[in-house]
Amino acid sequence: MDTPVTHTADHARSLQHEIGRIYESESRRVLATLIRLLGDFDLAEEALHEAFSAALKQWAIEGMPDNPRAWLVSAGRFKAIDQIRKNARFNDHISDLRSAASTDEDTHNLAQRDDLTIADDQLRLIFICCHPSLSVEAQLALTLREVCGLTTEQIARAFLTSAPTLAQRIVRAKAKIRDAKIPYEIPEQKQLPERLAAVLDVIYLLFNEGYSPAAGEHVVQTDLTREAIHLCRQLHELLPQPEVKGLLALMLLQDSRRTARTDASGDIVLLQDQDRSLWDQEQINEGLPLVTQALKSRRFGPFSVQAAIAAVHAEAERPEQTDWNQIAGLYEALARIQPSPVVSLNQAVAISMAQGPAAGLQRIETLLHQKTMQEYHLAHAARADCLKRLGHYQAAAEAFKQALNFAKQEPERRFLRARLQECHCHLKK
Amino acid sequence: MNYLALVYYDENKMSEMSQPEWDSLNRECMACVENLQQSGHYIAGNPLLPTHTATTVRVRDDKVSTMDGPFAETKEQLAGYYLLEARDLNEAIQLAGKIPPARYGSIEVRPVRALRESDNDGRNSKNPA
């Protein structure tokens with residue numbers, strides 16, 4: 001490993017480049033381990049930065065170590081212990097030394113020992129950031145900051161909030177972790193399904209925040225979708241459970257339609273009208289086998305079923321080839337696992353495609369008796385669509401107007417106005 | 001670490017319970033206390049009489065004022081407490097999940113802070129750092 005030291009600008013540049021690459025690939029893992037060793041988020045973050053600046057200096061002289069990750073963990077830990085000792089001299093808080101210094105194991109061996117420990121640390125970090133005793137906003141912010149390594153500014157921009165507000169949210173979350181003593185651990189087997197579900201919810205929320213922000217002009221904000229997929233892929237490597245496969249597949253299959261989903265002016269293009277040659281085949285090819293694996297396990301949950309629905313769409317080369325009967329059946333299965341009026345609405349739409357608009361309309365109108373459905377724009381839009389397909393243009397126009405009353409996203413409103421216009425055209429004939 | 005598990009439920013709803021149902025819930029609570037004692041997690045605990053028995057006391061300008069009722073009108077009312085010893089919040093949450101009234105109302109789990117001569121913490125909720 002030790003190459004003769006050549007103090008040229010080229011050498012320094014290539015080392016910097018190499019360290020940058022290591023930061024990209026290793027910094028979150030090093031952080032995850034440092035949090036365990038030091039028992040404190042802020043201390044660990046500081047130690048991480050100290051370790052990387054030490055690496056810049058020392059590696060230039062001594063060359064790259066055999067195991068950069070272990071070197072960084074070790075350096076970070078010693079820097080932190082130094083810091084704690086200095087503080088202790090002033091404050092007399094010797095007890096602060098407990099977790100950092102009381103480990104007599106050699107950190108070098110400790111970090112090198114096995115990849116399993118590293119993987120466990122990464123899981124610990126994910127589970128603590130998505131702990132259900134933190135608010136959902138805090139879980140999202142903390143996960144993006146600590147697990148994905150985004151800056152506070154980047155996260156603030158993604159959630160359309162100010163950096164100070166976001167920083168405060170993260171500070172409070174860390175304070176709660178410390179004060180309420182939320183442990184840095186992988187939940188035990190009994191709690192695992194519930195805690196894993198919470199993690200998956202956070203990842204899907206991130207994805208959806210990127211895929212369809214709650215309000216505003218743009219339909220897709222790709223940064224967060226990419227982070228969510230990356231995070232889920234990482235979780236899948238660490239914990240290859242059926243629902244993790246299901247969620248990863250669902251996001252890949254939904255994201256594969258990203259470019260086809262909107263037209264040049266940013267308007268929504270419905271699934272049936274999308275140019276399927278624009279669908280990302282690479283993502284589809286990664287997603288489909290995951291769906292099969294998840295469903296085969298028989299321990300799958302709602303994400304896997306939704307992924308299976310997305311897979312049926314992905315497998316149809318042309319919209320007419322879509323197996324709507326299968327989709328209707330999958331929605332029925334989904335309604336059993338996770339009953340909700342929205343799922344029932346989707347089931348009704350699938351039935352309208354499989355058996356005709358009259359069958360769908362009947363189900364949608366039953367659903368519209370429920371109060372929650374009456375203010376849901378997509379319920380009115382689905383009813384309007386069935387009426388239009390049946391040729392009841394006057395009634396369809398009324399229903400589209402009702403949908404417009406409740407739709408908030410501008411592209412959705414443009415879409416509904418265009419359909420309303422079509423009804424008016426038919427009526428003029 | 002010590003955690004206080006505060007038991008809240010809707011008193012009106014609970015008062016609709018039949019006597020045998022109510023008795024059986026109380027027996028369940030006694031069994032719960034016994035289990036917590038055996039596992040070494042129990043420090044103290046008590047059920048409370050309903051909020052119509054509550055009096056709220058304040059001191060302003062050295063004058064004591066007393067008022068009828070609990071300090072705030074809420075949908076669910078404080079009905080009792082358990083003081084627990086737990087390894088961390090995860091264990092405290094697990095223990096709280098075994099408190100029988102959790103099925104009817106809610107259990108708020110709060111870490112207990114130490115009272116010291118000086119350097120007390122936990123006062124500033126706006127800037128916990």
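Visitor: How many residues of chain A are in contact with chain B, and how many of chain B with chain A?
Guide: This is a predicted model, where local features need pLDDT of at least 70, side-chain atom pairs count only at pLDDT 80 or more, and totals for chains, interfaces and linings use all residues. Residues are numbered from 1 along each chain as its sequence is written, with chains lettered from A and ligands numbered from 1 in the order in which they are written. Contact means C-beta atoms, placed from the backbone, within 7 Å. The count is nine residues of chain A and seven of chain B.

Visitor: What ipTM does the predictor give the complex?
Guide: The pTM is 0.83. The ipTM is 0.84.

Visitor: Is A:Leu238 buried or exposed, or in between?
Guide: A:Leu238 is found in helix α11 (residues 222-238) of chain A; helices are DSSP runs of H or I, at least four residues, numbered from the N terminus. Buried needs 20 or more other C-beta atoms within 10 Å, exposed 12 or fewer, and partly exposed lies in between, with C-beta atoms placed from the backbone. A:Leu238 has 15 such neighbours, so A:Leu238 is partly exposed.

Visitor: Which residues does A:Leu238 touch?
Guide: Residues up to four places away in sequence are not counted. That leaves A:Ala119, A:Gln122 and A:Leu123.

Visitor: What is the handedness of the crossing of α13(A) and α14(A)?
Guide: Handedness is left if the near helix is turned anticlockwise from the far one by less than a right angle, and right if clockwise. A:Ile284 of α13(A) and A:Ser304 of α14(A) are among the residues making the contact. The crossing is left-handed.

Methods: Helices (H or I, at least four residues) and strands (E, at least two) are DSSP runs, numbered from the N terminus. Two residues are in contact if their C-beta atoms, placed from the backbone, lie within 7 Å.
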